[in-house]
Amino acid sequence: MVTLLSPIRLWAVVAKEFIQLRRDRLTFAMIIGIPLIQLALFGFAINSDPKELPMAVRSAESSAYTRSIIQAIVNTRYFNVTEITDSEQTANEILARGAAQFVINIPADFTRRLLRGERPSLLLEADATDPAATSNALAAIKQIPNTALAHDLNGPLASLQSAGAPFSIDIHRRYNPEGVTQYNIVPGLMGVILTMTMIMMTSLAITREHERGTMENLLAMPVQPLEVMVGKITPYILIGYIQVLVILAAALWVFHVPMLGSALLLMLGVLLFILANLTVGITISSVARNQAQAMQMSFFFFMPSILLSGFMFPFRGMPQWAQVIGEALPLTHFLRFIRGLLLKGNEWMAAWEHLWPLLAFTAVMMAIGLRRYRRTLD
Amino acid sequence: MRMNNREEIIKVKDMSKSFGGKVAVDKVSLSVYKGDIFGFLGPNGSGKTTTIRLLCGLLTPDEGEGRCLGYDIIKEARHIKRQVGYMTQRFSFYEDLSVRENLEFVARMYHLQERRKAVDEALDNLGMKSRQTQLAGELSGGWKQRLALTACMLHKPKLLLLDEPTSGVDPEARRDFWEEIHRLADEGVTVLVSTHYMDEAERCNRLAYIAYGHLVGEGSPQSLIADSGLATWRIESADIHQVAEKLKRINAVEQVAPFGTRLFVSGTDAQQLEQDLSAFAEQEGVNPERTQPRLEDVFIQLMRSSEEKRW
Ligand SMILES: Nc1ncnc2c1ncn2[C@@H]1O[C@H](COP(=O)(O)OP(=O)(O)OP(=O)(O)O)[C@@H](O)[C@H]1O
Ligand SMILES: [Mg+2]
């Protein structure tokens with residue numbers, strides 16, 4: 001009977017694609033060349049000015065004074081309180097998951113020591129994986145101790161204010177203490193490079209058959225769409241891994257990016273991301289009429305991926321509509337995954353939050369591709 | 001012998017296909033029976049390739065219906081594909097794969113048992129054993145053609161759809177090819193073959209002639225000749241070109257075809273033509289001899305009359 005997927009025919013397509021790829025020197029050069037060129041080019045970071053970044057408050061106590069301080073922080077417009085907790089563990093988790101960019105810690109005897117004139121300090125923990133996202137916010141918070149309590153400390157307490165700031169804020173940059181931009185850019189580059197090469201190469205896979213005239217033969221044979229599509233993307237999984245190794249080697253040994261998470265988890269996440277991009281490519285390939293069109297469509301997908309995924313500009317600094325588009329792109333989720341894994345040492349649970357969107361994306365894309373696959377020459 | 005076996009392998013009715021408003025195939029109806037060697041002829045751009053593609057489900061007809069090997073050509077194309085060997089007009093195997101790799105690919109596509117053996121045999125028959133590692137793109141035109149032919153027969157299909165399989169193939173290979181076709185037909189394989197060669201048309205047991213997307217003639221070579229209404233004379237002359245020029249001025253002469261030192265003169269009005277030619281013979285000192293119309297003359301006649309109908 002008619003099978004949806006025959007392993008023999010699938011293997012026929014995979015073997016053929018491998019042979020063709022091996023004989024195509026230009027493509028091979030591209031696979032190694034593009035990562036190297038991109039790594040060299042993106043030695044700089046692009047800054048912007050994201051506001052209303054999510055902040056969690058971990059308060060061991062609450063008084064009129066601490067409330068005034070929080071209000072003053074929010075008034076800078078760089079911060080937005082999204083969560084209040086009294087547990088250190090919860091606060092840590094929130095930061096590791098990326099649910100908040102900052103956690104402000106208010107210690108238990110803060111108010112008492114403030115009123116005694118001991119000039120206590122608050123601890124602000126920042127998720128500094130993307131230094132560009134936090135730098136302006138951190139600059140703004142430096143003024144807070146001088147001004148926050150100007151109205152609260154009056155009458156007999158005015159003296160506390162006059163002798164300089166009545167309290168201080170310690171800043172703790174988590175995950176990337178030196179604020180090294182490359183820590184953020186280089187893992188991100190892995191995603192950008194994979195997006196670019198995976199989509200570009202597979203978007204040509206079917207259109208090339210149409211243009212060389214070999215599609216007529218292929219369509220006349222009893223091969224199923226799924227066999228062609230899966231068979232054509234399989235070799236590129238290997239290619240993707242080669243690129244990942246090149247970039248990872250550069251990240252670890254040239255840019256000294258830390259690698260805190262598990263290598264196995266990294267390889268799994270990379271696989272899901274590669275698959276997501278390959279299905280985009282193969283879908284473009286089954287929709288496009290010719291190679292030029294396929295390249296245009298690839299570019300059309302590639303641009304928002306670079307601009308709206310949080311690679312170019314901090315994600316939280318983008319307007320709402322851009323964030324909505326960004327959420328639909330695999331690169332956005334991959335960036336969160338890879339930064340979380342390398343810099344924060346994210347475990348399986350935290351990583352899963354960024355990985356399931358990739359799976360969902362792949363399934364939807366593959367369904368579109370299969371629907372649009374042309375079984376005739378019309 | 002074959003004619004008794006009337007199982008219909010291809011049956012299409014009023015099939016039409018146009019590309020962007022331009023009609024390529026116009027209400028074509030065809031029947032091809034088991035064991036037939038069905039020759040498909042027609043001028044360039046007349047719709048042969050389009051018709052063949054419609055038959056194996058590579059194109060969807062705009063109108064009409066058809067069955068091929070008992071399956072509906074629109075709804076059951078994928079069943080048809082398994083039992084059909086289609087040789088495309090333009091070489092469409094992988095130029096960056098070797099001869100052997102191409103054959104192996106095809107063998108896997110059709111789930112051939114004992115793949116290696118089947119490929120080895122095919123290479124032997126082709127006489128390409130020693131060149132099996134050569135890239136298909138580096139083969140000469142004729143060898144590409146022969147490779148494609150072998151590849152499309154690899155899975156022993158019940159129906160062969162061959163689109164100009166011998167264009168660019170040398171005479172000996174062509175003779176081998178036709179011997180093979182006749183052998184397969186004896187075994188019950190049905191062959192539909194498009195060609196521009198008259199000697200090949202004569203080797204078919206049935207012919208169809210298509211012009212401007214219309215099927216304008218169908219039947220055995222003999223019946224096509226008999227039904228054409230053409231009368232033909234042969235004239236030998238040392239200076240055929242001069243004679244030909246003069247002949248063309250005679251009204252009843254519709255076709256003048258030089259062939260070596262001979263001219264074939266044909267027309268539909270046999271009586272008038274005979275009279276005119278005998279007058280011409282006396283004048284010019286040539287000796288016209290009545291002969292059977294050749295297929296070529298018949299086809300040109302068919303093409304011209306369909307042109308007239310069109311305008
Ligand atoms: N894919 C297509 N798009 C547009 N027009 C097409 C397409 N395929 C065929 N045609 C047109 O349909 C007509 C019939 O073409 P077809 O290839 O069937 O002719 P043919 O009889 O095989 O000619 P030849 O002897 O040159 O091979 C031609 O006018 C051709 O231009
Ligand atoms: Mg043709």
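How far is an oxygen atom of ligand 1 from a polar backbone atom of B:G47? The separation is 3.0 Å, within the limit for a polar contact, which is defined as a pair of N or O atoms within 3.5 Å; within protein, one atom must be able to donate a hydrogen and the other to accept it, and residues adjacent in sequence count only if both atoms are side-chain atoms. The model is predicted, so that local features need pLDDT of at least 70 and side-chain atom pairs count only at pLDDT 80 or more, whereas totals for chains, interfaces and linings use all residues. Residues are numbered from 1 along each chain as its sequence is written, chains are lettered from A and ligands numbered from 1 in the order in which they are written, and side-chain values use heavy atoms, with hydrogens and water left out.

Two further contacts of ligand 1 were computed. An oxygen atom of the ligand is 2.8 Å from a polar backbone atom of B:G45, and an oxygen atom is 2.7 Å from an N or O atom in the side chain of B:K48. On its own, ligand 1 has 630 Å² of accessible area, of which the protein covers 66%; such areas come from the Shrake-Rupley method with a 1.4 Å probe, and for residues only the protein chains shown count as cover. The ligand is surrounded by 14 residues, the closest being B:K22, B:K48, B:T49, B:T50 and B:Q89; a residue is near a molecule or strand if one of its heavy atoms lies within 4 Å of it. In chain B, β2 (22-33) and α1 (48-55) each supply at least two residues of this shell, and α1(B) gives the largest share, three residues. Helices (H or I, at least four residues) and strands (E, at least two) are DSSP runs, numbered from the N terminus.

The largest nonpolar core contains 149 residues, among which B:I10, B:L161 and B:L162 touch the most other members. Helix α9 (residues 181-212) of chain A gives the most to this core, with 14 residues. A nonpolar core is a set of buried Ala, Val, Leu, Ile, Met, Phe, Trp, Tyr and Cys residues joined through side-chain atoms within 4.5 Å. Buried means under 20% relative accessible area, exposed over 50%, and partly exposed in between (1.4 Å probe, protein chains only). A second, separate core of 29 residues includes A:A72, A:I104, A:L138 and A:F167.

Residue A:Q20 is found in helix α1 (residues 7-22) of chain A and is buried, with a relative accessible area of 10%. Apart from neighbours within four places in sequence, A:Q20 is in contact (heavy atoms within 4.5 Å) with A:R212, B:Y94, B:D96 and B:L97.

Most residues other than glycine have a negative phi.

In chain A, A:T147 is placed in helix α7 (residues 144-147). The side chain of A:T147 reaches the backbone oxygen of A:Q143 at 3.3 Å.
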